[in-house]
Amino acid sequence: RKSPPYARNIELIISEQRAQHGKCGKVEGDCKRRYRWLEGRTGPGERCYFLETNGFRVERSYTGIETAFRATYGEGRPNVCVICEYDALPGIGHACGHNLIAEAGLTAGIGIKAALGAAQQQLGRVTVLGTPAEESGSGKVRLLENGAFGDVDVALMMHPSSFTCVYPHYLAIACYTVTYTGRAAHAAAFPWEGVNALDAAVLAYTMISHARQQLKPECRVHGVILEGGVKPNIVPERAVLEYMVRAPDRKELAAALAKVLPCFEAAASATGCQVLVDSSEPLLDNILTNDTVARLYEENLIRVGVPFERHSGATGHGSTDMGNVTHAVPGMHPKFKIGSGQEVAHSSPFARVANLPESHAQTQRFASAMAYTGIDFLTNKELVEEAWANFRRHCEEK
């Protein structure tokens, strides 16, 4: 499959932007602040300025979210959207490599724009979408709810990892904060007057641990006790648990929740406590990799000369708000390897590797393939139709 002449120098154009991209890859945010930036650190403003100086129309505070942005070039449809993330982890920085995700989005956006600008005909539009709060806050879900993906035809994103694969496994997830309220009393003088909230939390934790043997191997349930009392001689009046339940898809997640959630209520009933189960975090879907998008991306990985695996034998699976996007429009969320393969995400060694020059260079190579994939859709409307046909088929099979 040959690309049109105006799409043949994308890698050269991207390499010329590398110095600027490296600068833009060093932005940090704190996921605990969710939609706000840690004071004294740069936010998406540097990226917006970079895109503006490269000819994009930029909308800051997009859809009312302070740290979201949308940058567009071109007109009409199809609209190929490349996605940036940029939030970091508290204490260890970019241990999930979101700085490289932002860099990949900028790289692909610049590459696709170059092809559109050289085409001398109306092919469509490229959107670079800045999505905050992936680690905590589910920024893409808010953007979906606000209509940010309503005119998107294809959504492209990639994620650094300890391995490379085109079809990664990301699990659907539901998050809960569970608060038990009892009654305080002197633990030695009048223990019978108390209602022990910590007992309820421990009982729930224990029941869920036992329930795991009836869950399918692909499911994950993990929790912590955030609060459990203040002093040993006071019967704990309040205890707080935080739990995450994951499964391959929404159907399997519902089955897992049917076994986990009753444990919270049962523990309250057994101890005489009141319980509040808060699920204010939105449910996140599994990744639905579009076969058409993946096929084109694989062809372009071969084109730029980087090795890859279609599937990974890795057993570790996370979750992401990009899953919800792939259930709304055709998309992909492949992983690309940085480092030696021994550094795992959400660790200090991974944060160190994510800022090495060779990791930036690796990001540029994979982002070049993502740029070519976007150009494929803009230059062949039949591929867009094929991607949507695959999307609808997968949705019917769920």
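How much space lies in the largest pocket?

1. The largest pocket holds about 1100 Å³ of space. A pocket here is an open set of points on a 1 Å grid over the protein atoms alone, where a 1.4 Å probe fits, with protein on both sides within 12 Å along at least five of seven lines; lining residues have an atom within 4 Å of a point. The volume is the space filled by probe spheres set on the points, which are joined across faces, edges and corners.

2. Before going further, please keep in mind that this is a predicted model, in which local features need pLDDT of at least 70 and side-chain atom pairs count only at pLDDT 80 or more, while totals for chains, interfaces and linings use all residues. Residues are numbered from 1 along each chain as its sequence is written, and side-chain values use heavy atoms, leaving out hydrogens and water.

3. Back to the largest pocket: 40 residues line it, and Glu 135, Met 244, Arg 246, Ser 319 and His 346 are the closest to its centre. Strands E6 (159–161), E7 (172–181), E8 (220–227) and E9 (238–247) are the elements that give two or more residues to this lining; helices (H or I, at least four residues) and strands (E, at least two) are DSSP runs, numbered from the N terminus. The lining has 14 nonpolar, 16 polar and 10 charged residues, where Ala, Val, Leu, Ile, Met, Phe, Trp, Tyr, Cys and Pro count as nonpolar, Asp, Glu, Lys and Arg as charged, and the others, Gly among them, as polar.

4. The second largest pocket has about 290 Å³ of space. Its lining numbers 15 residues, with Pro 168, His 169, Tyr 170, Asn 286 and Ile 287 the closest to the centre. By class, these lining residues are 7 nonpolar, 6 polar and 2 charged.

5. Now for the helices. H8 (residues 291–304) packs on H11 (residues 357–379) at about 130°, with the axes 8 Å apart; axes are lines fitted to C-alpha atoms, for helices over the stretch in contact, and angles run from 0 to 180 degrees between N-to-C directions. The two helices are therefore oblique to each other, a term for angles that are not under 35 degrees (roughly parallel), over 145 (roughly antiparallel) or 65 to 115 (roughly perpendicular). The contact of H8 with H11 has 10 nonpolar, 4 polar and 3 charged residues.

6. H8 also packs on H12 (residues 381–397), at an angle of about 130° and with the axes 7 Å apart. On the H8 side the contact (heavy atoms within 4.5 Å) uses Asp 291, Thr 292, Arg 295 and Leu 296, and the H12 residues include Glu 386 and Arg 393. This contact divides into 3 nonpolar, 3 polar and 4 charged residues.

7. The axes of H6 (residues 197–211) and H7 (residues 250–271) come within 8 Å and cross at roughly 145°. Among the residues in contact are Leu 203 and Met 207 of H6 and Val 260 and Phe 264 of H7.

8. Two backbone details deserve a look. The peptide bond from Arg 77 to Pro 78 is cis, with omega near 0°, and Pro 78 sits in the loop between strand E2 (69–74) and strand E3 (79–84). Ala 133 is not a glycine, yet has a positive phi of about 60°; Ala 133 is in the loop between strand E4 (125–130) and helix H5 (139–145).
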